[in-house]
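Here is a short report on one protein chain.

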Amino acid sequence: MAAPLPKVTESLKKLLDYAEDIRQHHPDVWKKGGNIQGNDSYDTLKKIVQRGHFEEGDAEFVKTWKAWKARHTNHTNIEGMVASLKWLAVPEVGLREMKKVIKTEIDKSK
């Protein structure tokens with residue numbers, strides 16, 4: 001039996017809103033989070049969150065998403081924080097610290 005699909009929670013919606021704000025208004029910071037896979041995953045997650053639910057067709061992506069989050073919990077630098085944001089994941093240091101690191105980088109680029 002397949003694992004149940006995750007739910008699109010309010011916190012996931014808020015994290016998407018924050019990520020989209022960074023992506024649109026601070027592209028120089030957004031680029032620090034890296035690679036094509038992160039951007040592709042963000043696009044996939046954005047569609048899912050906007051749809052409001054995960055579907056059976058998302059099951060393979062969910063496995064990749066969960067595995068990525070499990071491997072990348074210790075991010076503390078700007079690159080890791082933005083990479084986490086692209087995957088709509090919050091590192092162990094928490095959302096407040098993640099936003100603090102990103103805001104510091106935004107302030108440096110002004």
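## A term to start with

A residue counts as buried when its relative accessible area is under 20%, and as exposed when that area is over 50%. Between those cut-offs, a residue is partly exposed. Keep these words in mind for what follows. The model shown here is predicted.

## Overall fold

The chain has six helices and zero strands. Read from the N terminus, the order of elements is α-α-α-α-α-α.

How does the radius of gyration fit a compact globule? A compact globule of 110 residues would have a value near 13 Å. The chain has 14 Å, so the two agree. Along the principal axes, the C-alpha trace spans about 50 × 25 × 25 Å.

Of the 110 residues, 40% count as buried. The chain exposes about 6800 Å². Carbon and sulfur atoms supply 52% of that area.

Now take the contacts between residues at least 6 apart in sequence. Of these, 59% join residues at least 24 apart. The charges come next. There are 20 positive and 16 negative ones, and their mean positions are 2 Å apart.

## Helix α1

Helix α1 covers residues 10-25.

Which residues of α1 are buried? They are L12, L15, L16, Y18, A19, E20 and I22. These buried residues pack against α2 (27-30), α3 (36-51), α4 (59-71), α5 (78-86) and α6 (95-108).

S84 sits in helix α5. Is S84 buried or exposed? Its relative accessibility is 1%, so S84 counts as buried. Leaving aside residues up to four places away in sequence, S84 touches W68, H72, H75, A89, P91 and M98.

G52 lies in the loop between α3 and α4. Its relative accessibility is 37%, so G52 counts as partly exposed. How many residues separate G52 from K63 in sequence? They are 11 residues apart in sequence. In space, G52 and K63 are 19 Å apart, C-alpha to C-alpha.

Terms used. Residues are numbered from 1 along each chain as its sequence is written. This is a predicted model: local features need pLDDT of at least 70, side-chain atom pairs count only at pLDDT 80 or more; totals for chains, interfaces and linings use all residues. Side-chain values use heavy atoms; hydrogens and water are left out. Helices (H or I, at least four residues) and strands (E, at least two) are DSSP runs, numbered from the N terminus. The radius of gyration is taken over C-alpha atoms; the globule rule is 2.2 Å times the number of residues to the power 0.38. Buried means under 20% relative accessible area, exposed over 50%, partly exposed in between (1.4 Å probe, protein chains only). Contact means heavy atoms within 4.5 Å. Accessible areas come from the Shrake-Rupley method with a 1.4 Å probe; for residues, only the protein chains shown count as cover. Lys and Arg count as positive and Asp and Glu as negative; His and the chain ends are not counted. The place of a charge is taken as NZ of Lys, CZ of Arg, CG of Asp or CD of Glu. The expected span of a helix is 1.5 Å times one less than its number of residues.
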